[in-house]
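Subject: Handover of a structure

Dear colleague,

Please find below the structure that I am handing over to you.

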Amino acid sequence: MIRVRRAEERGHFDHGWLNTYHTFSFADYHDPDFMGFRSLRVINEDRVEAGRGFGTHGHRDMEIISYVLEGELGHGDSMGTGSVIRPGEVQRMSAGTGVEHSEKNASAMPVHFLQIWILPERKGITPSYEQKAFPASERENRLRLVASHDGREGSLTIHQDADLYTTTLRDGSVTFDFRPNRYGWLQVARGAMTLNGEELRAGDGAAIEKESQVTIAGDGEALLFDLN
């Protein structure tokens, strides 16, 4: 079963410096039908103007992933981390017992990125940070594992039984086989694709349940979550 969440159905707020879309309920946006999916709690699509950003604020007990599509995202936190995240790079921050951080546009153009929250397998994890680059060649017309519970295949390590794949399709297709009793979420970041024949466009998401296999085809970029 595939349940589509259309881009235009998401929560939307334009604050001038920040244009944001919420796939799931977040902050002042509440949709009882979309409170998250399995351990996946937040997918926010943000565009932040040059020179602007999110000031220092705190989080606890959450796995936070940043996925940059365009521009550069500057990061700083109370663990002493200072970094810039660029397209092709993925950041993971485990908030655990508590961390303060800021995210700001580090480029002269708007920065366009996805902010993803995944519930951790347990509370009270020691805060940590990780960032890695994944070459375009590893993502083109194939699924590249970028985050996993065990950090296999050079992926980021997250504290949850979940795998995150990314793919960039160039008039191509990829197939993914789910293990028994697993669930999926596909988020189209840009372009146009089909998921088992269901047409999807940029900003669309889809919950995947009781499907042993999915085929993603088309032109664009997408993230696929394999969830328990």
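Predicted model: local features only at pLDDT ≥ 70, side-chain atom pairs only at ≥ 80, totals over all residues.

Residues are numbered from 1 along each chain as its sequence is written, and side-chain values use heavy atoms, with hydrogens and water left out.

Overall form

The protein chain contains 0 helices and 19 strands (DSSP runs numbered from the N terminus, helices being H or I of at least four residues and strands E of at least two). Its radius of gyration is 16 Å, close to the 17 Å given by the globule rule for 228 residues, so the chain is as compact as a globular protein of that length (the radius is taken over C-alpha atoms, and the rule is 2.2 Å times the number of residues to the power 0.38). The C-alpha trace spans about 45 × 40 × 35 Å along its principal axes. Of the 228 residues, 52% count as buried (under 20% relative accessible area, with exposed over 50% and partly exposed in between, using a 1.4 Å probe and protein chains only). Among contacts with a separation of 6 or more, 69% come from residues 24 or more positions apart (contact means heavy atoms within 4.5 Å).

Nonpolar cores

The largest nonpolar core has 25 residues, and Leu40, Ile65, Ile116, Trp185, Leu223 and Phe225 touch the most other members (a core is a set of buried Ala, Val, Leu, Ile, Met, Phe, Trp, Tyr and Cys residues joined through side-chain atoms within 4.5 Å). Strands that each supply at least two residues of this core include S4 (40–48), S6 (63–70), S11 (111–118) and S15. A second, separate core of 17 residues includes Leu145, Leu169, Phe176 and Met193. Leaving aside neighbours within four places in sequence, the contacts of Ile65 include Val90, Leu114, Ile116 and Leu164.

Ring pairs

The structure holds 7 aromatic pairs (rings of Phe, Tyr and Trp, the last by its six-membered ring, with centres within 6.5 Å; planes under 30 degrees apart are stacked, over 60 edge-to-face and the rest tilted). The rings of Phe26 and Trp117 are edge-to-face, because their planes stand at 75 degrees, with centres 5.3 Å apart. Phe26 lies in the loop between strand S3 (18–22) and S4, and Trp117 in strand S11, so this pair ties together parts that are 91 residues apart in sequence. Trp117 counts as buried at 13% relative accessibility. Ring pairs also link Phe24, Phe37, Tyr183 and Trp185 into a cluster.

Two residues with polar contacts

Tyr29 is placed in the loop between S3 and S4 and is buried, with a relative accessible area of 15%. Its side chain forms a polar contact of 2.9 Å with that of Arg5 and another of 3.4 Å with that of Asp31 (a pair of N or O atoms within 3.5 Å; within protein, one must be able to donate a hydrogen and the other to accept it, and residues adjacent in sequence count only if both atoms are side-chain atoms).

Asp163 lies in strand S15 (residues 162–177) and is buried at 5% relative accessible area. The side chain of Asp163 makes a polar contact of 2.7 Å with the side chain of Arg152.

Yours sincerely
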